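Work through the exercises below with the model open. Each task is followed by its solution.

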Amino acid sequence: MKLMIASDIHGSAYYCRKMIESYEREQADRLLILGDILYHGPRNDLPKDYNPKDVISMLNTMKQELLCVRGNCDTEVDQMVLEFPILADYCLLGLGGQTIFATHGHQHNPKNLPMLKEGDILLNGHTHIPANQNMGTYTYMNPGSISIPKENSAHGYMIYDDRFFWKDLDGNVLDI
């Protein structure tokens, strides 16, 4: 299974559209969104082309291809307008013999670990900073942010296709 992983759209119609274009170009089987879909949050500036209603429309048309977890900016009101589930705090994925604990990152993160077995992957967004770190007993990964990247990182996402790749929205592989 080829999986695209993205996080932190924050209501940007411009970057949501770019994300979907990347998803189609990648020909992935599913798109895993690690939260913060519609609202920009009080700590962030408005992202380019902030238009949550357009984001709703774009994502609802591809609802059968989406897997999502809840971000700290996602609410029950958001779930009322989105036609796919977004309120799970985490999901577990088995890929390539590894268990991936996918979550947004505001609750479970390297400073507050979930129950992980040796060799598991903790995958989260929230920080808006891409990461791929061997933490000893587990690996910590983060795709960064689609719309509001931080620490001079690219607007980007991850691809899992037998191994993980970080890419910018033009499809260039990033060295993370």
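The model is predicted, so local features need pLDDT of at least 70 and side-chain atom pairs count only at pLDDT 80 or more, while totals for chains, interfaces and linings use all residues. Residues are numbered from 1 along each chain as its sequence is written, and side-chain values use heavy atoms, with hydrogens and water left out.

**Exercise 1.** Find which strands stand at the edges of the open sheet.

Step 1. The strand order is E3-E2-E1-E9-E10-E11, with mixed pairing; strands are DSSP runs of at least two E residues, and helices are runs of at least four H or I, numbered from the N terminus.
Step 2. E3 (66-68) and E11 (173-174) each have a single partner strand, so one side of each lacks a neighbour in the sheet. Two strands pair if DSSP finds at least two bridges between them.
Step 3. Inside this order, E1 (residues 3-6) and E2 (residues 30-33) pair in the parallel sense over 4 bridges; Ala6 has Ile33 of E2 as its bridge partner.

**Exercise 2.** Decide whether Glu26 is buried or exposed, and list what it touches.

Step 1. Glu26 belongs to helix H1 (residues 13-26).
Step 2. Its relative accessibility is 7%; buried means under 20% relative accessible area, exposed over 50%, partly exposed in between (1.4 Å probe, protein chains only). Glu26 is therefore buried.
Step 3. Leaving out residues up to four places away in sequence, Glu26 touches Lys2, Tyr157, Ile159 and Lys167 (heavy atoms within 4.5 Å).

**Exercise 3.** Classify Val81 by its accessibility.

Step 1. Val81 lies in helix H3 (residues 76-81).
Step 2. With a relative accessible area of 38%, Val81 is partly exposed.
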